[in-house]
Amino acid sequence: MTDAPRRYRCAVLGASGYIGQHFVRLLAGHPTFELTTLVGSDRTHGQPLSELWQLPEEAPPRAADLRLESLGPAEIAHRGIEVVFSGLPSGNAGPIESELSRRGVDVFTNASDHRMDPDVPLLVPEVNADHLDALLRRSRGRRGAIVADPNCSAAGLVVALRPVWDLLRPRAVHVTTYQALSGAGLPGVASLSITDNVVPFIAREEEKVAQESQRMLGSISRASIEPSSTPFIVQCARVAVRDGHLEAITIDARRRPSLSSIARAFRTFDPLVGHDLPSAPHPAVILRTEPDRPQPLRDRWAGAPERARGMAVSVGRIRWEAPFLRFFALSHNAIRGGAGGSVLNAELAAERGYVGRGRAK
């Protein structure tokens, strides 16, 4: 008789927010993580999740009756929580996540506060799983890990770039993003600001996409990360779409492979095949051949198996006029670029033995 798989007690921070509610939806019934605690603010303390639910997807029955609690790091650690998924707002998250880590709780965060810390993996498993090993091998006694999910646009971007990165050896990458309203969180963008409009500015977004992409596509040097020197030229706009970030990408390539080789690289990109990671999509990239795809309304939930819906990146409209490869990429900003990305990070960390070490007795 085989032992039951190890499950880790987990909590969601910021459980009433847009990313927090997606965390709850993805963690309910998860085979590796047992969702026991929802953490909110003093304002939401004591309220059942069902009264705060705002996603169009239904609240999972096993979590709908859980009540939010206002808990600090010491109380969370005292309850025996081993893993925290953080949907806290950037700017508020950093000190809380650091204190949880100091107390031996592993933190998988969607906030930006720790993304550029030299000892924190900024992780997309299909792109830079080796960064997780390089940075978390350096034990800090009973300290819990912090693993960061990237900016919602950068997450889809690097998945789309990784299949052809070595094939093309880019001189530069030009990206224009068309970002969904939900990327601004709840309550989102005021309707009178976005109706009949496109807003060509998102504060600090272009800098984040460039810097984080360079970090994730960088190399390991003496257990530290050397960012890629490839320039990223980024422009970001907010558009009137609920979910799904569309990106127009142009690669200035050094190499001249055939178009069929480029298409094959996209179609066969599945670096996590063979791993028991429930949230990993197979394949990671879906190549669309229709002239008008990908589209947010039709492609944002791409990904299989069922638990990986919304985790695949759709690529289409490939045009190769050497040295320029042009294409569009579409990813679900709240799933691949948010809660789902952090859950997949945690699954990979658990598979590699990095989860729960700080709570070991």
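**Strand pairing and selected residues**

Mentor: Val 175 stands opposite Ile 249 in β11. This is a predicted model, in which local features need pLDDT of at least 70, side-chain atom pairs count only at pLDDT 80 or more, and totals for chains, interfaces and linings use all residues. Residues are numbered from 1 along each chain as its sequence is written, and side-chain values use heavy atoms, with hydrogens and water left out.

Trainee: In which sense do β7 and β11 pair?

Mentor: Strand β7 (residues 170–179) and strand β11 (residues 245–253) pair in the antiparallel sense, over 8 bridges. Two strands pair if DSSP finds at least two bridges between them. Strands (E, at least two residues) and helices (H or I, at least four) are DSSP runs, numbered from the N terminus.

Trainee: And how many bridges are there between β7 and β10?

Mentor: There are 7 bridges, and β7 pairs with β10 (residues 232–238) in the parallel sense. Tyr 178 stands opposite Ala 237 in β10.

Trainee: Changing topic, where is His 332?

Mentor: His 332 lies in the loop between β14 (324–331) and α12 (339–351).

Trainee: Is His 332 buried or exposed?

Mentor: His 332 counts as buried because its relative accessibility is 0%; buried means under 20% relative accessible area, exposed over 50%, and partly exposed in between (1.4 Å probe, protein chains only).

Trainee: What does His 332 touch?

Mentor: Not counting residues up to four places away in sequence, His 332 touches Asp 243, Gly 244, Arg 300, Trp 301, Gly 310 and Gly 337. Contact means heavy atoms within 4.5 Å.
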